[in-house]
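Please consult the sequence and the coordinates alongside the text.

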Amino acid sequence: MSKKYFLLIASLLLFTGVQAQEEAVVTVAKSQFKINVLLPGFVYEHAFSDKNTLYSELTSGFGYRSSDFNNESTFYFMPFIQEQFRHYYNLEKRAAKGKKTAFNSGNFMAVTAIYNFQSISTNKNFGEYVPSLTIAPVWGFQRTYRRKFNLDLNFGAGVNFDRYNTDLSIVANFSLGWVIGK
């Protein structure tokens, strides 16, 4: 009789433990700070719920432009701010496969707003780069590897607004860097 009770209790505990593992909620990091090295800048990502974050990035863009028309060329430097409301949608699936979800390693969909400041170093005779705002839905993924090395890629299509035009725009952001802190 005691063997039957033991097997019944062991089965219930095992079933309850497996069920609890399946129902475990995998969540995003409460907050994290990153440094980008590809285009120097800083990122802060703050969680609003188990799967949603606000991603804030202050970084810089560099470029080179030349013209055969007036035989001039110029380098330019443009700081920009990017805000994304991200929804990470595959964290449980990654965890179930034994893949890392730490430091928000997962796939996401987001709405992004990018504000490009006016270029602070350009040849004014060659061309003027004006401030602009781009709004777009994007899809992307973020992975954090050993030693907190971070890779983040997202892309989509949206609308760019500046003082002169409103245009359709391709949005792509690729960053390499490190998560700082815990």
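## Basis and secondary structure

Helices (H or I, at least four residues) and strands (E, at least two) are DSSP runs, numbered from the N terminus. The model is predicted: local features need pLDDT of at least 70, side-chain atom pairs count only at pLDDT 80 or more, and totals for chains, interfaces and linings use all residues. Residues are numbered from 1 along each chain as its sequence is written, and side-chain values use heavy atoms, with hydrogens and water left out.

The protein contains two helices and eight strands. Read from the N terminus, their order is α-β-β-β-β-α-β-β-β-β.

## Burial, contacts and surface

Of the 182 residues, 37% are buried (under 20% relative accessible area; exposed is over 50%, partly exposed in between; 1.4 Å probe, protein chains only). A contact means heavy atoms within 4.5 Å. Among contacts between residues at least 6 apart in sequence, 56% link residues at least 24 apart.

The protein exposes about 11,500 Å², of which carbon and sulfur atoms supply 65%. Accessible areas come from the Shrake-Rupley method with a 1.4 Å probe; for residues, only the protein chains shown count as cover.

## Positive phi values

Most residues other than glycine have a negative phi. Phe103, which is not a glycine, has a positive phi of about 55°. Phe103 lies in the loop between helix H2 (91-96) and strand S5 (106-116), and is partly exposed, with a relative accessible area of 21%.

Arg147, also a residue other than glycine, has a positive phi near 60°. Arg147 occupies the loop between strand S6 (132-144) and strand S7 (149-162); Arg147 is exposed, at a relative accessible area of 79%.
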